[in-house]
Amino acid sequence: MNATELVQSFFPDTTGCPRVYRLLRAASEPAHWELGEMPGPDDIHPLGEVLEYVINAKMTCLLADWLSRHHHTQSFPRPMQQFLRGQLRLNAHRSRKHHQEAAAIIIALHDHDVPAAAINGIAHAALLYPGAGVRQSSDVDILIPASAAATAADVLTRRGYYSTGRSPTTLHRDFDDPIVPGLTLDLTTRLAHTGDDATIHTILDRRIPAPSSGEHQAPLPVLHRDDGFRHTLARVASQRRWPALADALHYALDDTDPQPATALDKPSRAGWKVIRSCWPQLPQDTPLAGGH
């Protein structure tokens, strides 16, 4: 598969922009890792031409962080430097607000005997990019058992949340904050790789606290790394979005909590194939299957 085909896989409208692919692939890689071909000056300049794709992909902050770490921002005009720094500051504030609210909600659910864990963007911001403020998320996703959906919605309603009309479990709350004026929260009872209720209960029993990046930041319960990795790989396979791709790669290259090899489900195997289409030097088997 060549670069143009890979661009089409993730950005159907950017087949003619392989430099967008190269930049976002580099931005997806964890710090201190350089798995793919390093983008050159011709890929980076002019940056304005790729920003629309980066913004739509919700990768602005990961790219801004990559540009800063590799000392590219100093070559930009001052307004562009200020824009990129401003995006990182804004996202750091938004992430803190989302983290605090998600942690408070999970505590409130626990008080009503509802086990819950943060998943997706806000969970990965805390677990895979702690303190960096680079993982963007527009809302908060919380996993609960299907049997607890009505109780959870009632608890949130009493906290000031109201239905958006999108679904009974998609709720919104307004905040007196000029940067984060509100928060949309999705209560979900399934993961990308499983919707089995008994399995969801088992996964919630295995949840762990994400690292805290500040002394005043409450611990955020998230999925165990094994479960989070499987879910994220399945999301990559079904959605092919760059933030999920970056999350899965961070899981794969993080050996802080190595686990014994276990059988991998079909959706997660499909996600790993997508990962390897971008980074073919990665092992044939996922770390979960004993290939790391």
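The structure holds two cavities of 30 Å³ or more, a cavity being, on a 1 Å grid over the protein atoms alone, a set of points where a 1.4 Å probe fits but cannot get out. Volumes here are the space filled by probe spheres set on the points, with grid points joined across faces, edges and corners. The model is predicted, so local features need pLDDT of at least 70 and side-chain atom pairs count only at pLDDT 80 or more, while totals for chains, interfaces and linings use all residues. Residues are numbered from 1 along each chain as its sequence is written, and side-chain values use heavy atoms, with hydrogens and water left out.

**First stop: the cavities**

Select Ala-118, Ile-119, Asn-120, Ala-123, His-124, Leu-127, Val-222, Leu-223, Gly-228, His-231 and Tyr-251, which line the largest cavity, a lining residue being one with an atom within 4 Å of a point. This cavity holds about 50 Å³ of space. Two or more lining residues come from each of β1 (117-119), α7 (120-127) and α10 (225-239), where helices (H or I, at least four residues) and strands (E, at least two) are DSSP runs numbered from the N terminus. The element that gives the most is α7, with four residues. By class, the lining has seven nonpolar, four polar and no charged residues; Ala, Val, Leu, Ile, Met, Phe, Trp, Tyr, Cys and Pro count as nonpolar, Asp, Glu, Lys and Arg as charged, and the others, Gly among them, as polar.

Next, select Ala-26, Glu-29, Glu-34, Gly-36, Glu-37, Met-38, Pro-39 and Trp-66, the lining of the second largest cavity, whose volume is about 30 Å³. Here the lining divides into four nonpolar, one polar and three charged residues.

**Second stop: the largest pocket**

Now show Lys-58, Asp-139, Asp-141, Arg-235 and Arg-241, which of the 23 lining residues are the closest to the centre of the largest pocket. About 560 Å³ of space lies in this pocket, a pocket being an open set with protein on both sides within 12 Å along at least five of seven lines. At least two lining residues are supplied by each of α7, β5 (182-188), α10 and α11 (242-253), and the lining as a whole divides into six nonpolar, nine polar and eight charged residues.

Colour α2 (residues 18-28) and α4 (residues 48-56), whose axes come within 10 Å and cross at roughly 60°; axes are lines fitted to C-alpha atoms, for helices over the stretch in contact, and angles run from 0 to 180 degrees between N-to-C directions. That angle makes α2 oblique to α4, because angles under 35 degrees count as roughly parallel, over 145 as roughly antiparallel, 65 to 115 as roughly perpendicular and the rest as oblique. The contact (heavy atoms within 4.5 Å) is made by Arg-19, Val-20, Leu-23 and Leu-24 of α2 and by Glu-49, Val-50, Tyr-53 and Val-54 of α4.

Tyr-21, Leu-24, Arg-25 and Ser-28 of α2 meet Trp-242, Ala-246, Leu-249 and His-250 of α11.

**Last stop: two loops**

Finally, zoom in on Pro-46, in the loop between α3 (41-44) and α4, where the peptide bond from His-45 to Pro-46 is cis, with omega near -5°. In the loop between α6 (78-111) and β1 lies Asp-113, which has a positive phi of about 60° although it is not a glycine.
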